[in-house]
Amino acid sequence: MWLYFILSFMTGCWGFWTSESWGPRFLLELFLEFTAGVFFPLDVLPNLAQQIIKCFPSPYLVFFPLQIFLGRLDFSQIVHGFLVQVFWIIAISGMARWVWFRGMQNYSSAGS
């Protein structure tokens, strides 16, 4: 949940630089759902495509937890998956923090 929130938050920060942030958020949602295994299991993709998608944080949102629930992963794979999730959470949280501070420097409001 934290990983999804941080990705959505960081995309929402586009509002600091543009008047509309729903377009990029919609594209992020679509990309995340496709690469997270929401539309179809990632197992049906060719091995190269699976390896490329595993470089992104999205498979750890849906596909990885479902694999645990279905009992398809052994203990070492589960530990590796959680470590990758922790890495992505730390990396994207740091990027979101940087984007937030840069956005606050750029922020200006109009009105009363």
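Of the 112 residues of the chain, 30% count as buried in this model, which is a predicted one. The accessible surface amounts to about 7800 Å², and carbon and sulfur atoms account for 70% of that area. The chain contains five helices and zero strands, so that its pattern, read along the sequence, is α-α-α-α-α. With a radius of gyration of 17 Å, well over the 13 Å that the globule rule gives for 112 residues, the chain is more spread out than a compact globule. Along the principal axes, the C-alpha atoms fill a box of roughly 60 × 25 × 25 Å. Among the contacts with a separation of 6 or more, 54% are accounted for by residues 24 or more positions apart.

Helix 1, which spans residues 2-12, contributes Leu3, Ile6, Leu7, Ser8, Met10 and Thr11 as buried residues. The buried residues of this helix pack against two other elements, namely helix 2 and helix 5.

Helix 2, covering residues 22-36, holds Leu30, and Thr35 is found in helix 2 as well. Leu30 has a relative accessible area of 40% and is therefore classed as partly exposed, whereas Thr35, with a relative accessible area of 3%, is buried, since the cut-off for that class is under 20%. The side chain of Thr35 reaches the backbone oxygen of Phe31 at a distance of 2.8 Å. When neighbours within four places in sequence are left aside, the residues in contact with Thr35 are Leu42, Ile53, Ser58 and Pro59.

Side chains of opposite charge can pair when their charged atoms come close. In the present model the count of salt bridges comes to one, and the pair is formed by Arg72 and Asp43, whose closest N and O atoms are 3.6 Å apart. Because Arg72 lies in the loop between helix 4 and helix 5 (75-106), while Asp43 lies in the loop between helix 2 and helix 3, the pair ties together parts that are 29 residues apart in sequence. The two partners fall into separate accessibility classes: Arg72, at 52% relative accessibility, counts as exposed, whereas Asp43, with a relative accessible area of 39%, is partly exposed.

A further loop position considered here is Cys55, which lies between helix 3 (47-53) and helix 4 (63-69). Cys55 and Val84 are 29 residues apart in sequence, and their C-alpha atoms are 9.6 Å apart in space.

Technical notes. Residues are numbered from 1 along each chain as its sequence is written. This is a predicted model: local features need pLDDT of at least 70, side-chain atom pairs count only at pLDDT 80 or more; totals for chains, interfaces and linings use all residues. Side-chain values use heavy atoms; hydrogens and water are left out. Helices (H or I, at least four residues) and strands (E, at least two) are DSSP runs, numbered from the N terminus. Buried means under 20% relative accessible area, exposed over 50%, partly exposed in between (1.4 Å probe, protein chains only). The radius of gyration is taken over C-alpha atoms; the globule rule is 2.2 Å times the number of residues to the power 0.38. Contact means heavy atoms within 4.5 Å. Accessible areas come from the Shrake-Rupley method with a 1.4 Å probe; for residues, only the protein chains shown count as cover. A polar contact is a pair of N or O atoms within 3.5 Å; within protein, one must be able to donate a hydrogen and the other to accept it, and residues adjacent in sequence count only if both atoms are side-chain atoms. A salt bridge is a side-chain nitrogen of Lys or Arg within 4 Å of a carboxyl oxygen of Asp or Glu.
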